[in-house]
Amino acid sequence: MMNLDEIDRRILHVLSHDGRISNVDLAGKVGLSPSACLRRVQELERRDVIQGYRAQLNAAALGIGFLAYVTVGLSRHTKQEQADFEAAIKRAPQVRECHNITGTVEYLLRVETTDLPAYKHFHTEVLGALPQVATITSYIVMGSPKDERG
């Protein structure tokens, strides 16, 4: 775990909400001079605390009208089965996130498609066709009152 002081934490908080803020504005918000603030941000980047910056995209403007979280149970619990499954998932553009989890299933996926028919195609023809997959459970997102992913 990295030793972060209060100023580092304030910098991270501001950047996590506005990654495009200017250094001058960031410095003002955290109470530093612009040069000291820039050094702090560069050090956080160098130490890999800040791993990158992303744009928050408007799903509807991109034609993404359907979101589901999907749990996947594998048929066999070997390293090779996991590696093969993960390789296949990396090739599926509908899968925006893939997490290896503990519990009764092995994976949690965030899947985005244009609509329900597109999701059905992904469910049946892509995910369901993988030989490693034993179970699929879909959780359809009806709304997202809070989403703070960076």
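**H1 packing.** I looked up what the buried side of H1 packs against, and found H2 and H3. Contact here is heavy atoms within 4.5 Å. Helices are DSSP runs of H or I with at least four residues, strands are E runs with at least two, and both are numbered from the N terminus. The model is a predicted one, where local features need pLDDT of at least 70, side-chain atom pairs count only at pLDDT 80 or more, and totals for chains, interfaces and linings use all residues. Residues are numbered from 1 along each chain as its sequence is written, and side-chain values use heavy atoms, with hydrogens and water left out.

**H1 itself.** I noted 12 residues in H1 and a reach of 17 Å from first C-alpha to last, close to the 16 Å expected at 1.5 Å a residue. The expected span is 1.5 Å times one less than the number of residues. I then listed the buried residues of H1: Ile7, Asp8, Ile11, Val14 and Leu15. They sit on the same side of H1, because they cover an arc of only 130° around the axis. The arc is taken from the directions from the helix axis to the C-beta atoms. Glu6, Ser16 and His17 are exposed on the face turned away from the buried side. Buried means under 20% relative accessible area, exposed over 50%, and partly exposed in between, with a 1.4 Å probe and protein chains only.

**N-terminal end of H1.** I found Asp5 as the cap, with a side-chain oxygen 3.2 Å from the backbone nitrogen of Ile7.

**H3.** I looked up helix H3 (residues 34–46) next; its 13 residues reach 18 Å from first C-alpha to last, close to the 18 Å expected. Ala36, Cys37, Val41 and Leu44 are its buried residues. These fall within an arc of 135° seen down the axis, so they line one face of H3. Arg39 and Arg46 are exposed on the other side of H3. The cover over the buried residues of H3 includes H1 (6–17) and H2 (23–30). Just after H3, I read a positive phi of about 70° at Asp48.

**Strand pairing.** I checked S3 (residues 107–113) and found six of its seven residues buried. Strands pair if DSSP finds at least two bridges between them. S1 (residues 66–74) runs antiparallel to S3, joined by seven bridges, and Val72 stands opposite Tyr107 in S3. S2 (residues 95–100) is also antiparallel to S3, with five bridges; Glu97 stands opposite Arg110 there. The hairpin of S2 and S3 has six residues between the strands, and Gly103 in it takes a positive phi near 125°.

**Cores.** A nonpolar core is a set of buried Ala, Val, Leu, Ile, Met, Phe, Trp, Tyr and Cys residues joined through side-chain atoms within 4.5 Å. I counted 18 residues in the largest one, where Val70, Val72, Phe85, Leu109 and Leu127 have the most contacts. S1, H4 (79–90), S3 and H5 (116–127) each supply at least two residues of this core. S1 gives the largest share, five residues. I listed the contacts of Leu109 beyond four places in sequence; among them are Ala68, Val70, Ile89, Val95 and Leu127. Another core, of 14 residues, lies apart and includes Val14, Ile21, Leu26 and Ala36.

**Ala118.** I placed Ala118 in helix H5. It counts as partly exposed because its relative accessibility is 25%. I read 13 Å between the C-alpha atoms of Ala118 and Val95, which are 23 residues apart along the chain.

Notes: Polar contact = N/O pair within 3.5 Å; in protein donor to acceptor, adjacent residues only side chain to side chain.
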